Protein chains: 2
Amino acid sequence: MKATDPQPMAASNPAAAGGLQTVTIALGERSYPIHIGAGLIRDPASFEAVPRSALAVVVSNTTVAPLYAEALMRSLRQRHRQVELIVLPDGEAHKDWPTLQTLFDGLLRLGADRKTVLYALGGGVVGDMTGFAAASYMRGIAFVQVPTTLLAQVDSSVGGKTGINHPLGKNMIGAFHQPVAVVADLELLATLPPRELAAGLAEVVKYGPIHDAGFLGWIEEHIDALRARDPAALAQAVRRSCEIKAAVVGADERESGLRAILNFGHTFGHAIEAGLGYGEWLHGEAVGCGMVMASALSARLGLLGESDAQRVARLVARAGLPVRGPLLGADRYLELMRVDKKAEAGEIRFVLLERLGQALVRSAPDKTVRGVIDAHCG
Amino acid sequence: MKATDPQPMAASNPAAAGGLQTVTIALGERSYPIHIGAGLIRDPASFEAVPRSALAVVVSNTTVAPLYAEALMRSLRQRHRQVELIVLPDGEAHKDWPTLQTLFDGLLRLGADRKTVLYALGGGVVGDMTGFAAASYMRGIAFVQVPTTLLAQVDSSVGGKTGINHPLGKNMIGAFHQPVAVVADLELLATLPPRELAAGLAEVVKYGPIHDAGFLGWIEEHIDALRARDPAALAQAVRRSCEIKAAVVGADERESGLRAILNFGHTFGHAIEAGLGYGEWLHGEAVGCGMVMASALSARLGLLGESDAQRVARLVARAGLPVRGPLLGADRYLELMRVDKKAEAGEIRFVLLERLGQALVRSAPDKTVRGVIDAHCG
């Protein structure tokens with residue numbers, strides 16, 4: 001009856017050669033590996049954790065499929081007698097029921113059964129939809145995440161959240177459904193547009209301030225290498241992000257408690273996205289700017305040193321992300337934040353920093369919030 | 001990743017007064033009670049296991065809502081500040097995505113959040129759809145089953161299966177999602193059409209031959225009382241059916257093994273339903289006739305005594321169910337059974353009896369199956 005989202009624990013095993021790293025998400029019998037490295041989709045060994053079903057279906061979108069579907073399918077033919085491809089339209093606008101229905105139609109036409117394995121080859125939208133299709137096709141089949149964006153590699157790999165949007169709300173319909181494996185191939189990031197790379201870095205940066213000051217320092221040292229898509233730096237960033245997310249999710253299976261700190265930057269960020277209309281700013285851009293504002297709010301409330309808040313802002317800027325919000329007016333910001341899913345009885349719950357590496361969730365006086373908005377927007 | 005359908009164990013606690021009986025389905029932290037008795041929906045105490053959320057939404061259909069929604073809602077107002085009603089169209093034809101979408105629309109318009117509790121007031125269709133809505137709304141909220149048909153009381157109360165149909169297949173999209181409570185009010189059966197009562201009795205009868213010869217004897221003794229809707233007899237029938245289903249499901253969490261015996265009568269039954277077009281015969285009617293044919297097949301294969309097969313047939317007849325199948329021809333029967341979800345690589349898997357109270361799953365020579373069809377159809 002309750003949303004089951006069991007408590008993962010992460011264990012890492014950096015391989016000696018080739019830079020391949022593996023993070024194991026420990027969930028009892030639903031444990032799964034996250035493999036991180038360059039060129040993984042071309043190596044059949046990357047998929048050893050996946051059951052050898054007769055049929056595999058790769059689900060991708062019109063942008064990613066032409067680039068990578070063939071290479072992936074070639075590897076999968078060593079595990080599955082029949083490997084098929086279903087291509088969805090690209091974009092958040094298609095993360096909806098009609099598109100999911102075409103996916104179900106395709107699975108039924110292909111004769112997919114309870115043993116069929118789905119492979120999600122794409123960003124967050126493909127991952128969320130394929131995961132939800134896997135969760136609900138014949139009441140649950142296996143799926144593998146092959147994330148092709150940095151955001152999906154660090155964010156969707158852990159937590160098991162799947163779903164689609166409803167006209168009246170984002171991610172309103174979905175399930176918790178764990179993949180049997182995640183294969184994060186860093187080579188796939190080569191074709192990622194720079195804006196999307198920066199948006200992914202926002203979620204990487206996030207894990208420093210909320211949980212690990214040492215990782216924050218590491219990102220500061222390697223931010224240029226990350227923007228240059230250096231595979232070793234990317235591997236380390238993805239690995240550590242997945243580890244931290246697993247640790248935070250593992251300490252709090254429900255979203256009400258500690259897990260909420262993963263939403264650092266998201267309260268201001270969602271107001272920016274909703275205020276401008278979704279799609280105007282990328283989610284990661286809004287979160288980047290939101291982290292700057294949340295850090296500033298933490299400083300104004302006397303929780304965080306002013307210089308530490310500026311340190312976050314500087315790193316967000318160096319990641320190629322905006323540090324000033326759009327001029328919506330403080331009233332509009334407050335109104336949008338009050339209707340956020342995370343608000344409780346109209347009281348806005350902010351994820352704030354009490355020091356770098358340590359977050360907490362609390363409310364703040366409207367006046368102080370207004371001061372931050374006025375200083376950081378427009 | 002795998003369909004999680006944890007192993008329930010049942011424990012019964014027949015109350016001294018008033019005939020209230022409770023079967024507890026033991027699923028660790030997802031354990032829930034099945035309360036069985038007359039007049040339960042009018043008693044707020046029936047819902048004590050349900051969280052006291054601010055909002056409750058009763059989901060029903062156009063046939064049941066006018067009869068029972070008001071009484072249920074009156075009881076629920078003692079547990080929930082706000083109690084709302086969503087009425088779906090009646091019938092299996094509406095167990096589809098568009099109808100589910102109207103349910104999601106309604107929940108969002110009512111401001112349902114993660115703590116909202118859904119109450120499924122209806123038969124199997126309402127229960128399956130409400131359960132799937134609860135499984136996927138905001139990735140999972142609590143729901144209560146208030147089954148209003150005998151079939152739903154004995155069949156849907158245990159197992160956690162929820163879902164909707166797809167144009168290309170029944171129950172193709174769904175989830176395993178356990179209710180927080182089941183309230184089986186025997187008074188609600190008073191308005192059930194006789195055909196539907198008999199169809200529900202088919203599933204009750206089923207539990208005897210497959211698992212409990214003693215229960216089979218008890219049903220034989222009480223079949224007239226059951227058809228007369230005697231509350232004490234119905235309570236016992238529902239209780240024992242739920243216990244047996246819980247025991248069988250508990251011994252085999254996947255559907256491939258022992259659990260398959262719950263499909264006794266369903267292989268022939270599905271062929272009847274599909275061959276005539278769904279809706280022509282009620283599911284329980286087809287299962288009743290299917291049990292007669294499966295028993296006859298068991299006898300022809302030398303597994304079961306001929307007199308025992310006739311004992312099953314006599315009870316099915318006394319329950320008011322058909323014992324002869326429609327004349328589709330043996331070829332058509334075989335063809336329909338071969339495409340059944342439970343067939344493996346075209347080989348039909350029959351649930352057969354090796355004695356009354358003991359079932360097994362195996363294939364059978366086409367020639368023997370044809371003999372049974374020719375003898376029992378038309």
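In which helix of chain B does B:Glu285 lie? B:Glu285 belongs to helix α9 of chain B. That residue is a handy starting point for a walk through this structure, which is a predicted model.

**Starting from B:Glu285**

With a relative accessible area of 9%, B:Glu285 is buried. Leaving aside residues up to four places away in sequence, B:Glu285 touches B:Arg195, B:Ala199, B:Leu321 and B:Pro322. The contact with B:Arg195 is also a salt bridge, with an N to O distance of 2.8 Å between the side chains. B:Glu285 sits in helix α9 (residues 283–300) of chain B and B:Arg195 in helix α5 (residues 194–211) of chain B, so this pair ties together parts that are 90 residues apart in sequence.

**Salt bridges elsewhere**

Side chains of opposite charge can pair when their charged atoms come close. Over all chains, the structure holds 32 salt bridges. Here are four of them, with their N to O distances.

| Residue | Partner | N to O distance |
|---|---|---|
| A:Arg239 | A:Glu243 | 2.5 Å |
| A:Asp366 | A:Arg338 | 3.4 Å |
| B:Glu285 | B:Arg195 | 2.8 Å |
| A:Asp155 | A:Lys245 | 3.6 Å |

Take A:Arg239 and A:Glu243, which form a salt bridge. Both residues lie in helix α7 (residues 231–250) of chain A, and because they are four residues apart there, about one helical turn separates them. A:Arg239 is buried, and A:Glu243 is buried as well.

The salt bridge between A:Asp366 and A:Arg338 links distant parts of the chain, with A:Asp366 in helix α12 (residues 366–376) of chain A and A:Arg338 in helix α11 (residues 330–338) of chain A, 28 residues apart. A:Asp366 counts as partly exposed, at 33% relative accessibility. A:Arg338 is partly exposed too, with a relative accessible area of 34%.

**Two domains in chain A**

Now to the domains. Chain A is divided into domain 1 (9–191) and domain 2 (194–376). Taken over C-alpha atoms, the centres of these two domains of chain A are 27 Å apart. Their contact takes 26 residues from domain 1 of chain A and 25 residues from domain 2 of chain A.

The size of an interface is often given as the accessible area lost when the parts come together. Between domain 1 of chain A and domain 2 of chain A, the buried area is about 2200 Å², and carbon and sulfur atoms give 69% of it.

How many salt bridges are counted between domain 1 of chain A and domain 2 of chain A? The count is one salt bridge. There are also five residue pairs in polar contact between these two domains. On the domain 1 side of chain A that touches domain 2 of chain A, β1 (9–14), β2 (21–26), β3 (32–37), α4 (150–156) and β9 (169–176) each supply at least two residues. Of these, α4(A) gives the most to that side, with five residues.

**Where the chains meet**

Finally, the two chains. Chain B can be laid on chain A with an RMSD of 0.0 Å by a turn of 180° and a shift of 0.0 Å along the axis. That is the relation of a two-fold axis. Of the interface residues of chain B, 100% are also interface residues in chain A, so the copies meet through the same surface.

The contact takes 36 residues from chain B and 36 residues from chain A. About 3400 Å² is buried between chain B and chain A, and carbon and sulfur atoms give 61% of that area. How many salt bridges cross the interface of chain B and chain A? The rule finds zero salt bridges there, while the count of residue pairs in polar contact between chain B and chain A is eight.

On the side of chain B that touches chain A, α2 (97–109), α3 (124–136), β8 (161–166) and β9 (169–176) of chain B each supply at least two residues. The largest share of that side, six residues, comes from β9(B).

Technical notes. Residues numbered from 1 in each chain as written. Chains lettered and ligands numbered in written order. Predicted model: local features only at pLDDT ≥ 70, side-chain atom pairs only at ≥ 80, totals over all residues. Heavy atoms only, no water. Least-squares fit on C-alpha atoms with pLDDT ≥ 70 in both. Contact = heavy atoms within 4.5 Å. Salt bridge = Lys/Arg side-chain N within 4 Å of Asp/Glu carboxyl O. Buried < 20%, exposed > 50% of the residue type's maximum accessible area, 1.4 Å probe, protein only. Domains from an automatic or database assignment. Buried area = accessible area lost by both parts, 1.4 Å probe. Polar contact = N/O pair within 3.5 Å; in protein donor to acceptor, adjacent residues only side chain to side chain.
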